[in-house]
Amino acid sequence: TVERLVIELVVDGHMNKEMAAKLDVAVRTIESRRSRGMVKLQVSSLPQLVQLWVQVRNMEARKRTEQ
């Protein structure tokens with residue numbers, strides 16, 4: 001989803017302006033997608049988001065190696 005893409009870019013350290021330029025959308029669109037993604041993941045801060053996303057990436061990596 002678009003929220004997932006924005007969350008991945010946030011966790012990778014990209015700023016809203018960078019993401020907006022990269023995805024060719026307005027900064028407000030990035031802010032909205034970031035907010036919706038955080039609500040869906042039930043996190044309320046950037047540190048929580050990063051911690052959760054690192055866990056998600058680790059689980060996905062484990063799944064790939066098990067296949």
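Mentor: Residues are numbered from 1 along each chain as its sequence is written, and side-chain values use heavy atoms, with hydrogens and water left out. Because the model is predicted, local features need pLDDT of at least 70 and side-chain atom pairs count only at pLDDT 80 or more, whereas totals for chains, interfaces and linings use all residues.

Trainee: What makes the pattern of the chain α-α-α-α?

Mentor: The secondary structure comes to 4 helices and 0 strands, where helices (H or I, at least four residues) and strands (E, at least two) are DSSP runs numbered from the N terminus. Read along the sequence, this gives α-α-α-α, and the C-alpha trace spans about 40 × 25 × 20 Å along its principal axes.

Trainee: Why are helix 1 and helix 4 called roughly perpendicular?

Mentor: The axes of helix 1 (residues 2–11) and helix 4 (residues 46–66) cross at roughly 105° and come within 10 Å. Axes are lines fitted to C-alpha atoms, for helices over the stretch in contact, and the angles run from 0 to 180 degrees between N-to-C directions. Angles under 35 degrees count as roughly parallel, over 145 as roughly antiparallel, 65 to 115 as roughly perpendicular and the rest as oblique, and helix 1 and helix 4 are therefore roughly perpendicular to each other.

Trainee: Which residues make the contact between helix 1 and helix 4?

Mentor: With contact meaning heavy atoms within 4.5 Å, helix 1 takes part through Arg4, Ile7, Glu8, Val10 and Val11, and helix 4 through Leu46, Leu49, Val50, Trp53, Arg57 and Glu60. These residues divide into 7 nonpolar, no polar and 4 charged, given that Ala, Val, Leu, Ile, Met, Phe, Trp, Tyr, Cys and Pro count as nonpolar, Asp, Glu, Lys and Arg as charged, and the others, Gly among them, as polar.

Trainee: What makes helix 1 and helix 3 roughly perpendicular?

Mentor: Their axes cross at roughly 95° and come within 8 Å, and helix 1 and helix 3 are therefore roughly perpendicular to each other. Val2, Glu3, Val6, Ile7 and Val10 in helix 1 meet residues of helix 3 including Ile30, Arg33, Gly37 and Met38. By class, the contact of helix 1 with helix 3 has 7 nonpolar, 1 polar and 5 charged residues.

Trainee: How do you know that Val11 is buried?

Mentor: Buried means under 20% relative accessible area, exposed over 50%, and partly exposed in between (1.4 Å probe, protein chains only). Val11 has a relative accessible area of 16%, and is therefore buried. Leaving aside neighbours within four places in sequence, Val11 is in contact with Leu49, Val50, Trp53 and Arg57; Val11 and Trp53 are 42 residues apart in sequence and 7.4 Å apart in space, C-alpha to C-alpha.

Trainee: What makes a set of residues a nonpolar core, and which residues form the largest one?

Mentor: A nonpolar core is a set of buried Ala, Val, Leu, Ile, Met, Phe, Trp, Tyr and Cys residues joined through side-chain atoms within 4.5 Å. The largest has 12 residues: Val6, Ile7, Leu9, Val10, Val11, Met19, Ala20, Ile30, Met38, Val43, Leu49 and Trp53. The elements that give two or more residues to this core are helix 1, helix 2 (16–23), helix 3 (27–41) and helix 4, and helix 1 gives the most, with 5 residues. What covers the buried residues of helix 1 includes helix 2, helix 3 and helix 4.

Trainee: How do you know that Asp24 and Gln42 are exposed?

Mentor: Asp24 counts as exposed because its relative accessibility is 70%, and Gln42 because its relative accessibility is 74%. Asp24 is placed in the loop between helix 2 and helix 3, and Gln42 in the loop between helix 3 and helix 4.
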